[in-house]
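Trainee: I have a new structure to look at. Could you show me how to read it?

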Amino acid sequence: QVQLAESGGGLVQAGGSLRLSCAASGSIFTVNDMGWYRQRPGKQREFVAVIVSGSSTNYADSVKGRFTISRDNAKKTVYLHMNSLNTEDTAGYYCNAKITATSRASYVNWGQGTQVTVSS
């Protein structure tokens with residue numbers, strides 16, 4: 001069984017910064033793409049950023065230049081560094097990872113989410 005555990009959310013003032021972390025654990029053979037999605041109040045879940053196993057990255061237009069995604073393969077952890085936060089960034093942030101288990105079965109896993117609230 002594979003699990004993703006997020007941490008690092010919280011309350012921050014507009015213009016501030018936060019760093020989210022997401023660690024994969026369990027019977028893992030390889031961790032492939034890792035990414036972040038968010039769900040703002042009253043909206044559908046949306047893509048934020050992704051980093052593939054070769055460290056190539058892609059971002060939603062709304063966060064380009066403000067957010068940076070990175071990963072530590074040894075720790076099976078992905079990070080989301082968020083700068084210049086504004087109230088539109090208030091959302092539940094969810095980690096997503098494509099993982100190959102030791103059984104060689106592949107899964108798309110989701111974390112439980114961490115709340116980010118930006119106050120004006």
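Predicted model: local features only at pLDDT ≥ 70, side-chain atom pairs only at ≥ 80, totals over all residues.

Trainee: In what order do the strands of the open sheet lie?

Mentor: Strands are DSSP runs (E, at least two residues), numbered from the N terminus, and two of them pair if DSSP finds at least two bridges between them. Here four strands form an open sheet in the order S1-S3-S8-S7, with antiparallel pairing. S1 (2–7) and S7 are the edge strands, each pairing on one side only.

Trainee: How many bridges join S1 and S3?

Mentor: Six, in the antiparallel sense, with S3 covering residues 18–26. Leu4, for instance, has Ala24 in S3 as its bridge partner.

Trainee: Is Arg71 buried or exposed?

Mentor: Buried means under 20% relative accessible area (1.4 Å probe, protein chains only), and a salt bridge needs a side-chain nitrogen of Lys or Arg within 4 Å of a carboxyl oxygen of Asp or Glu. Arg71, in strand S7 (residues 67–72), is buried without a salt bridge; Asp33, the nearest side chain of opposite charge, is 5.7 Å away.

Trainee: Which backbone oxygens lie by a polar atom of the Arg71 side chain?

Mentor: That of Ile51 is 3.3 Å from such an atom, and that of Val52 is 3.2 Å from one.

How values were computed
Residues numbered from 1 in each chain as written. Heavy atoms only, no water. Buried < 20%, exposed > 50% of the residue type's maximum accessible area, 1.4 Å probe, protein only. Lys, Arg positive; Asp, Glu negative; His and termini not counted. Polar contact = N/O pair within 3.5 Å; in protein donor to acceptor, adjacent residues only side chain to side chain.
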